[in-house]
Amino acid sequence: MGRTAPSLRVGVEREIERLKKIFSSIEDPELREAAIESLEHAARLYNAFQRSPSSDPIEVIIFSLITELYRRLRKSCGC
């Protein structure tokens, strides 16, 4: 049975909090900041994932990390 929107939201929020704890121990301040900032996009993206009953919270996190990386690369190369 698929996830409902509230359970996906709760799962995404739990995953974000878990990863923030891990990322906060990254010693390099720039890398730590980039990692934590990338998680902020997950909260904005989960709405798109709730349309699919098989969505898993980690899919939202991974997609947010990929899209943030893409955004930063485009910005750094001036594309």
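Reply: Glu 68 is buried, with a relative accessible area of 3%, where buried means under 20% relative accessible area and exposed over 50%, with partly exposed in between (1.4 Å probe, protein chains only). This is a predicted model, in which local features need pLDDT of at least 70, side-chain atom pairs count only at pLDDT 80 or more, and totals for chains, interfaces and linings use all residues. Residues are numbered from 1 along each chain as its sequence is written, and side-chain values use heavy atoms, with hydrogens and water left out.

Glu 68 belongs to helix α3, residues 57-77; helices are DSSP runs (H or I, at least four residues) numbered from the N terminus. Its side chain forms a polar contact of 2.7 Å with that of Arg 71, a polar contact being a pair of N or O atoms within 3.5 Å, of which, within protein, one must be able to donate a hydrogen and the other to accept it, and residues adjacent in sequence count only if both atoms are side-chain atoms. Leaving aside neighbours within four places in sequence, Glu 68 is in contact with Ser 38 and His 41, contact meaning heavy atoms within 4.5 Å.

Ser 64, also in α3, is buried at 0% relative accessibility.

The buried residues of α3 are Pro 57, Val 60, Ile 61, Ser 64 and Glu 68. They cover an arc of only 95° around the axis, and therefore lie on the same side of α3; the arc is that of the directions from the helix axis to the C-beta atoms. On the other side of α3, Ile 66, Leu 69 and Tyr 70 are exposed.

Conventions:
Helix = DSSP H or I, 4+ residues; strand = E, 2+ residues; numbered from the N terminus.
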